[in-house]
There are 2 protein chains.
Amino acid sequence: MSQTTDEVLTVAHAYAKAVRSKDVAQFGALYHDDVFVFDMWESWSLRGRAAVEAMAKGWFDSLGTEQVAVTVAPLWSRVDGDRATFCATLRYAGLSAQGEELRSMENRLTWSLIRENGKWQVAHEHSSAPASFKTMQVILSAP
Amino acid sequence: MSQTTDEVLTVAHAYAKAVRSKDVAQFGALYHDDVFVFDMWESWSLRGRAAVEAMAKGWFDSLGTEQVAVTVAPLWSRVDGDRATFCATLRYAGLSAQGEELRSMENRLTWSLIRENGKWQVAHEHSSAPASFKTMQVILSAP
């Protein structure tokens with residue numbers, strides 16, 4: 001992998017770290033001020049870092065004493081100078097206060113990233129899971 | 001809108017035209033050879049234009065005498081030289097052979113586009129709908 005691809009992966013690892021520590025400010029700092037998000041759950045779209053932070057706060061607050069461990073499996077990426085697209089499968093594992101895995105699910109993630117002043121940020125995020133035609137329910141595990 | 005943004009919109013209109021005419025080759029020509037797709041339905045991911053064309057063929061063949069009219073509502077885009085990100089709500093309306101609307105649904109679309117030799121192509125596509133926590137079913141209409 002190129003140095004730049006490694007830098008983009010660093011953002012993914014920072015995402016995992018912010019989720020694990022339920023740190024809203026650390027989470028929000030990954031996103032561009034004017035970020036546009038298609039999130040996996042409930043809302044059609046979100047715009048701006050404040051909306052992303054509000055979503056993250058609701059998520060982290062709902063966890064109680066549990067933690068979420070995120071694992072990133074990169075699938076496809078393109079880096080062109082200060083612009084990048086990054087696609088991955090993200091596995092979210094719910095852990096008890098004792099660190100025991102209680103449940104898990106997988107999502108598909110697209111990030112469109114831009115580098116400004118040497119720092120990569122997420123300008124657009126799209127997370128989802130494919131839906132079954134038969135049940136219209138989302139399929140939360142990668143093959 | 002800038003000229004470049006108009007050019008990206010032209011790809012969206014060409015997509016709608018290819019779907020309406022069920023033209024697999026015209027549809028496939030919108031995509032880069034090495035395109036990577038997170039599709040709304042069934043499959044976790046697809047890679048390469050041939051896989052996209054096979055998906056389109058299955059879709060078009062399933063329509064019988066019906067046609068699909070696609071309407072594009074742009075939500076957010078960034079164009080930087082020969083790279084662009086385009087986000088929109090796409091409305092798919094099923095039409096009878098007589099042109100009567102039978103049903104419709106909406107999806108969220110992300111395109112990562114690249115321009116090579118003056119031609120914009122889709123390098124990455126992510127289509128989805130948000131899921132309800134309660135039912136785990138996809139919500140197929142924009143607010």
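The model is predicted; local features need pLDDT of at least 70, side-chain atom pairs count only at pLDDT 80 or more, and totals for chains, interfaces and linings use all residues. Residues are numbered from 1 along each chain as its sequence is written, while chains are lettered from A and ligands numbered from 1 in the order in which they are written.

Two copies of a chain are related by a rotation about an axis and a shift along it.

The interface involves 33 residues of chain A in contact with 33 residues of chain B. Contact requires C-beta atoms, placed from the backbone, to lie within 7 Å. On the side of chain A that touches chain B, at least two residues come from each of β1, β3, β4 (83-95), β5 (101-116) and β6 (119-128) of chain A. This side divides into 17 nonpolar, 10 polar and 6 charged residues. Nonpolar covers Ala, Val, Leu, Ile, Met, Phe, Trp, Tyr, Cys and Pro; charged covers Asp, Glu, Lys and Arg; the others, Gly among them, are polar. Because 100% of the interface residues of chain A are also interface residues in chain B, the copies meet through the same surface.

Chain A holds 3 helices and 6 strands. Both are DSSP runs numbered from the N terminus: helices are H or I with at least four residues, strands E with at least two. Along the sequence the pattern is α-α-β-β-α-β-β-β-β.

The open sheet of 6 strands in chain A has the order β2-β1-β6-β5-β4-β3, with mixed pairing. Its edge strands are β2 (46-47) and β3 (67-80), each pairing on one side only. Pairing requires at least two DSSP bridges between strands. Strand β1 (residues 31-38) of chain A pairs with β2(A) in the antiparallel sense over 2 bridges. A:Phe36 has A:Arg47 in β2(A) as its bridge partner. Helix α3 (residues 49-61) of chain A lies across β1 and β2 of chain A, at about 65 degrees to β1(A).

The C-alpha trace of chain A spans about 40 × 35 × 30 Å along its principal axes.

Methods:
Two residues are in contact if their C-beta atoms, placed from the backbone, lie within 7 Å. Axes are lines fitted to C-alpha atoms, for helices over the stretch in contact, and angles run from 0 to 180 degrees between N-to-C directions.
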